[in-house]
Amino acid sequence: MSDQLRASDAGSAAPYDALLLLSFGGPEGPDDVVPFLENVTRGRGIPRERLKEVGQHYFGFGGVSPINEQNRRLLAALREDFAKHGLDLPVYWGNRNWAPYLTDTMREMARDGHRRIAVLATSAYASYSGCRQYRENLADALATLAAEGVEPPRVDKLRHYFNHPGFTGPMTEGVLAALAALPEDVRDGAHLAFSTHSIPTAAADTSGPVPDHTADGEGGAYVKQHLDVARVIAAEVAARTGREHPWELVYQSRSGAPHIPWLEPDICDHLEALHGAGAPAVVMVPIGFVSDHMEVLYDLDTEATAKAAELGLPVARSATVGADPAFVEAVRELVLERAAEERGEATEACWVGMLGPSHHVCPVGCCPARAPRPAAAGVDSPYA
Ligand SMILES: CC1=C(CCC(=O)O)c2cc3nc(cc4[nH]c(cc5[nH]c(cc1n2)c(C)c5CCC(=O)O)c(CCC(=O)O)c4C)C(CCC(=O)O)=C3C
Ligand SMILES: [Fe+2]
């Protein structure tokens, strides 16, 4: 943390009076699975076959997604960390697709008297799904409050934290631990497969602010940001182990119809290609996910791991940040950084890699939706 930020850290996050942890949500039992999937896919045009298959992933884990428990842990860790550092900022939690629903949480926050809310989304990168869709969800919740006669609080979404050392650091430690778990004779030659959620190439091309958009399938801010994180982690791992581990950025959890192009290669195809090329082992590094979601437990730990076993390729999956103390501290820093910025004080943003700190307020045209809808916490927000 910079000295300037520390100097202004007198335990106050003013002008903010609360922090909202904004997440995806997941089912908590077999009866929740179908309604949850209906919430996720409403109007998204996902093939029926794919939905049946994804439902089976959840049923295979008793209908329980790990994501809610992960968020409860993060919530508890944030509250404890804030209390320990004298930061008097209540933390709430609301989801897009399952209880506690964002609108209910926002109503509770307004009733508790909160007027100025900092929002941490559990998605570290730019993309429609990870950024603008959350801003649309915020706008929907504020509109509902307004319709109920409750004055909507002001919401500010914290900047993307993909390149915060509190995000990359724990993942680097995770890769080192995963390498150590591989058999010694294949460890030094292990490849790193940095994995993230595949999205349609059209969405990737328009991710982030307009100047980052590309029309050539190069992936816009979404791909650039993931490549930045992969480079940072690969370099830190090389510095710590004294070995350059070859690495690639790959994708998982594709859901669209086959004729629509999505980001590739898929992790399973990649494992096959690496095996064919003689790679002795692979560490799968889920940099696209903040915690151990179903995508990590099923697509990597179950499906890709089975694929590797079939090939006879040793693999290990490294940890997500979850509620790692370094990440919790990063969230506190992000709140204090933005608060100081809002107070008009000088701040020094903390970041690693080559891209610099992400914008605080999404500009017009950032991660556009297929059909334009109101989105809060951006330059063109209909709310103050
Ligand atoms: C970029 C991205 C993230 C990472 C950023 C972030 O974290 O936000 C993410 C996270 C998540 N995605 C999740 C679950 C699902 N995503 C789906 C569908 C889709 N995801 C997409 C993208 C992303 N998704 C897209 C482009 C679709 C196609 C439909 C559409 O265009 O909207 C579907 C429908 C079935 C399927 O097709 O898989 C499900 C069930 C869960 C919860 C997991 C759990 O329960 O632990 C989490 C955290
Ligand atoms: Fe955005």
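Trainee: Is Glu-295 buried or exposed?

Mentor: Glu-295 is buried, because 21 other C-beta atoms lie within 10 Å. A residue is called buried if 20 or more other C-beta atoms lie within 10 Å of its own, exposed if 12 or fewer, and partly exposed in between, with C-beta atoms placed from the backbone. Please note that this is a predicted model, in which local features need pLDDT of at least 70 and side-chain atom pairs count only at pLDDT 80 or more, while totals for chains, interfaces and linings use all residues. Residues are numbered from 1 along each chain as its sequence is written, and chains are lettered from A and ligands numbered from 1 in the order in which they are written.

Trainee: Where is Glu-295 placed?

Mentor: Glu-295 is in helix α12. Helices (H or I, at least four residues) and strands (E, at least two) are DSSP runs, numbered from the N terminus.

Trainee: Which residues is Glu-295 in contact with, leaving aside its neighbours within four places in sequence?

Mentor: Glu-295 is then in contact with His-197, Gln-252, Ser-253 and Phe-289. Contact means that the C-beta atoms of two residues, placed from the backbone, lie within 7 Å.

Trainee: Where is His-197, then?

Mentor: His-197 is in strand β5, residues 191-197. His-197 is buried, with 24 other C-beta atoms within 10 Å. Not counting residues up to four places away in sequence, His-197 touches Gln-252, Ser-253, Gly-288 and Glu-295.

Trainee: Which other residues does the "binding site" annotation cover?

Mentor: The unreviewed UniProt entry also has this annotation on Ser-65 and Tyr-134. Ser-65 is in the loop between α3 and α4 (67-84), and Tyr-134 lies in helix α6.

Trainee: Are those two buried or exposed?

Mentor: Ser-65 is buried, with 26 other C-beta atoms within 10 Å. Tyr-134 is buried too, with 24 such atoms within 10 Å. Setting aside residues up to four places away in sequence, Ser-65 touches Gly-26, Pro-27, Tyr-58 and Met-294, while Tyr-134 is in contact with Leu-22, Arg-96 and Ala-121.

Trainee: Let me turn to the ligand. Which residues come nearest to ligand 1?

Mentor: Of the 25 residues around ligand 1, Gly-26, Ser-65, Ser-255, His-293 and Met-294 come nearest. A residue is near a molecule if its C-beta atom, placed from the backbone, lies within 6 Å of it.

Trainee: Which elements give two or more residues to that shell?

Mentor: They are α2 (30-41), α3 (48-59), α6 (128-147) and α12 (294-311). The largest share, three residues, comes from α2.

Trainee: How do the residues of the shell divide?

Mentor: The shell around ligand 1 has nine nonpolar, 13 polar and three charged residues. Here Ala, Val, Leu, Ile, Met, Phe, Trp, Tyr, Cys and Pro count as nonpolar, Asp, Glu, Lys and Arg as charged, and the others, Gly among them, as polar.

Trainee: Which domains does the shell draw on?

Mentor: The shell takes at least three residues from each of domain 1 (3-162 + 323-342) and domain 2 (165-317). Those bounds come from an automatic or database domain assignment.

Trainee: How many residues are in contact between the domains?

Mentor: 26 residues of domain 1 are in contact with 22 residues of domain 2. On the domain 1 side, α13 gives the most, with four residues. The centres of the two domains, taken over C-alpha atoms, are separated by 25 Å.

Trainee: One last topic: how many residues has the largest nonpolar core?

Mentor: The largest nonpolar core has 100 residues, and Leu-19, Val-119 and Val-335 are among those with the most contacts inside it. Such a core is a set of buried Ala, Val, Leu, Ile, Met, Phe, Trp, Tyr and Cys residues joined through C-beta atoms within 7 Å. The largest share of this core, nine residues, comes from α13. Domain 1 and domain 2 both give residues to this core, so it lies between them.

Methods. UniProt positions renumbered as here; feature names shortened; annotations may be inferred.
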